Amino acid sequence: MHNIMLDLEKIQTLIKEQAHYQYLDKHIQAPNIDQGKLLLLYTLLKNRDIPEQQKENYVMTTMLVQMALDTHDLVNNKEKNQDSEGVSLEQQLLVLAGDYYSSLYYLLLSNIDEYELIQTLAIAIRKINEAKIKVYYREFDTFEELLELIKTIEASLYTHLALYIDEPAIVSYIEEWLLIYTLNNGHEHKKSIINQLQLDLDYELFLSFIENDMEEHMMTLRKQASQLRHHHDLFINQSQSFLDQIINS
């Protein structure tokens, strides 16, 4: 576990160095690197027969895409809550920052001739944006349908990477894990999902539904973990341990 934490710290440092741009850093706050998603990526790739530098590039590029998506979500949320006319400097810089993080991922992958992965992540981004549009325009009738859209938004980058490295068996596990992780990451985080997705919902009713629905999702996740553990021991053990910490905190 100690070595894993050291590796994750190293990768976080590399991501921050890649994403650093003095003018943007001076005027806007860079999005946080999601610890759960970073751990998921790292353990997904850790025991794969892939050169270490390639694994590192896969993690960095996927997290840069995540940072770009998160940054553009901040723009959308600020636009919704804006009272005055016009676009603020901060909003303009957030758009530029999101585009900047996206360009870094393209550059990094093109420099190592990973054009197929560029296409794979582009497909994931398209699906994420399509799901966000459905959420923005309330193209869902039930909380169940909303959770499926949230699952698409949160998991698509990681499930498409799993397919890219020929790990289709763990796609469903990743989807369930990220849904549970997202919805159990504290009450304020649940509220931020509603805010970031610009949802006009009864938060207490949504929270009650989540709490009642999570038991079924947890049962599904445990069943999938049991089936996958033999071939993906590190991935399952570390992701389950991290999730338990979130749920029990």
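Visitor: Where is Q240 placed, and what makes a stretch count as a helix here?
Guide: Q240 sits in helix α11, residues 233-248. A helix is a DSSP run of H or I with at least four residues, a strand is a run of E with at least two, and numbering starts from the N terminus. Please keep in mind that this is a predicted model, where local features need pLDDT of at least 70, side-chain atom pairs count only at pLDDT 80 or more, and totals for chains, interfaces and linings use all residues. Residues are numbered from 1 along each chain as its sequence is written, and side-chain values use heavy atoms, with hydrogens and water left out.

Visitor: Why is Q240 called buried?
Guide: Buried means under 20% relative accessible area (exposed is over 50%, partly exposed in between, with a 1.4 Å probe and protein chains only). Q240 has 14% relative accessibility, so Q240 counts as buried. Within α11, other buried residues include F235, I236, F242 and I246.

Visitor: What does Q240 touch, leaving out residues up to four places away in sequence?
Guide: Contact means heavy atoms within 4.5 Å. On that basis, Q240 touches Y173, W177, L221 and A225.

Visitor: What makes α7 mostly covered?
Guide: Of its 22 residues, 16 are buried.

Visitor: What makes a set of residues a nonpolar core, and which members of the largest one touch the most others?
Guide: The members must be buried Ala, Val, Leu, Ile, Met, Phe, Trp, Tyr or Cys, joined through side-chain atoms within 4.5 Å. The largest such core has 65 residues, and I15, L157 and W177 touch the most other members. Helix α7 gives the most to this core, with eleven residues. Beyond its neighbours within four places in sequence, L157 has contacts that include T62, L69, L121 and I128.

Visitor: How many helices and strands does the protein chain have?
Guide: There are eleven helices and zero strands, and buried residues make up 49% of the 249 residues.
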